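The following paragraphs go through one chain, from its overall dimensions to single side chains. Please keep the sequence and the model in view while reading.

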Amino acid sequence: GNALSAPLPEDFKTGTIDITVEIVNPANPSCPATGVVSFVVNENPDFGLDSDTVLCLNEVSMTIGISNPADTYAYAWELDGTPLPDVTEEIEIFQGGTYTITATSAEGCTTTKSIFVLESELAQLSQGALIVSDLTPNSENIVSVDVTMLGVGEYEYSLDYGLFQDSPTFENIRPGIHILAARDKNGCGTAYIDLSVIGYYKYFSPNNDGINDNWKVLGIDDTFYNSSKVYIFDRYGRLLSQLQNDSPGWDGSFKGSPMPADDYWFRVELDDGRTFDGHFSLMR
């Protein structure tokens with residue numbers, strides 16, 4: 001074989017190898033003694049570990065673990081430096097953080113790897129998280145979301161199935177019932193909620209063409225403001241109609257007779273305590 005330097009260096013790097021050693025007594029160099037020293041190198045544990053991932057809190061838990069271990073090892077897990085009782089290749093987790101696994105071979109060699117788990121969740125949309133500014137003097141209705149009430153996720157927003165945007169605010173919203181969506185950017189799903197923006201038509205034309213044939217307050221239905229009251233008057237203050245919440249609206253008649261083209265007045269008493277009045281035009 002190849003001769004090695006003598007003595008061996010302090011940092012002697014080698015794989016598993018047998019080295020023949022010759023021992024010579026200076027007093028009798030003609031009688032050297034030989035022997036064999038075996039260097040045995042044990043491999044560190046070899047395995048794969050899941051990549052950094054997201055734990056959706058709305059799904060309660062998930063499983064993480066190693067893959068393709070090259071041998072049978074003993075395992076020890078830690079969460080953010082604190083030992084866990086788990087000693088298996090896979091573990092069920094219920095919170096985010098940095099999970100570290102140490103694999104130990106039968107020969108005592110170890111390998112340590114870590115995975116970071118980010119906590120996220122489906123948006124906890126509720127009516128209390130919605131901020132609706134309607135009945136504004138300039139009719140520039142605004143819908144916004146209180147992001148502090150949604151959860152730990154990172155969200156983007158859409159109104160009426162439009163494009164998603166990072167801003168939780170939507171401006172110049174037409175009166176009526178709308179649907180708002182909040183989607184978690186980390187993949188924990190999309191939450192939806194209906195909302196109401198109160199408003200009304202400035203005019204209507206009851207000519208049975210299917211366009212603005214009835215007048216009503218928009219944003220009132222069986223779900224939103226279902227105890228509200230809507231009264232319609234002529235210019236002399238005569239009550240012409242009181243609309244029910246499930247009504248298609250006023251058809252422009254009084255006691256079965258069509259009313260003439262003119263301006264008409266209304267008063268609305270919303271069941272949240274707000275009241276407002278105004279006028280609109282009947283066109284024929």
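Residues 24 or more positions apart account for 50% of the contacts in the chain with a separation of 6 or more, where contact means heavy atoms within 4.5 Å. The model is predicted, so local features need pLDDT of at least 70 and side-chain atom pairs count only at pLDDT 80 or more, while totals for chains, interfaces and linings use all residues. Residues are numbered from 1 along each chain as its sequence is written, and side-chain values use heavy atoms, with hydrogens and water left out.

The chain has 25 strands and 0 helices; both are DSSP runs numbered from the N terminus, helices (H or I) of at least four residues and strands (E) of at least two. Its C-alpha atoms fill a box of roughly 135 × 35 × 30 Å along the principal axes. The radius of gyration is 39 Å, whereas a compact globule of 284 residues would have one near 19 Å; the radius is taken over C-alpha atoms, and the globule rule is 2.2 Å times the number of residues to the power 0.38. Of the 284 residues, 34% count as buried, which is to say under 20% relative accessible area, with exposed meaning over 50% and partly exposed in between (1.4 Å probe, protein chains only).

In soluble globular proteins, nonpolar side chains tend to be buried together. A nonpolar core is here a set of buried Ala, Val, Leu, Ile, Met, Phe, Trp, Tyr and Cys residues joined through side-chain atoms within 4.5 Å. The largest one has 21 residues, and Trp215, Val217, Trp250 and Phe280 have the most contacts inside it. Strands E20 (229–233), E21 (239–243), E24 (262–269) and E25 (275–282) each give two or more residues to this core. Apart from it lies another core, of 18 residues, including Ala129, Ile173, Leu180 and Ala182. Beyond four places in sequence, the contacts of Phe280 include Trp215, Ile232, Trp250 and Trp265.

Two polar residues sit in loops. Asp134 lies between strand E11 (130–133) and strand E12 (142–145) and is buried, because its relative accessible area is 9%. Its side chain makes a polar contact of 2.8 Å with that of Arg274; such a contact is a pair of N or O atoms within 3.5 Å, and within protein one must be able to donate a hydrogen and the other to accept it, while residues adjacent in sequence count only if both atoms are side-chain atoms. Ser228, in the loop between strand E19 (217–218) and E20, is buried too, at 6%. The Ser228 side chain reaches the backbone oxygen of Tyr225 at 3.0 Å and the backbone nitrogen of Asp271 at 3.2 Å.

Last come the cysteines. A disulfide, identified as a pair of cysteine sulfur atoms within 2.5 Å, joins Cys56 to Cys188 with an S to S distance of 2.0 Å. The pair links distant parts of the chain, 132 residues apart: Cys56 is in strand E4 (residues 53–56), and Cys188 is in the loop between strand E15 (176–184) and strand E16 (190–197). Both Cys56 and Cys188 are buried. Elsewhere, Cys31 is exposed at 53% relative accessible area, whereas Cys109 is buried at 16%.
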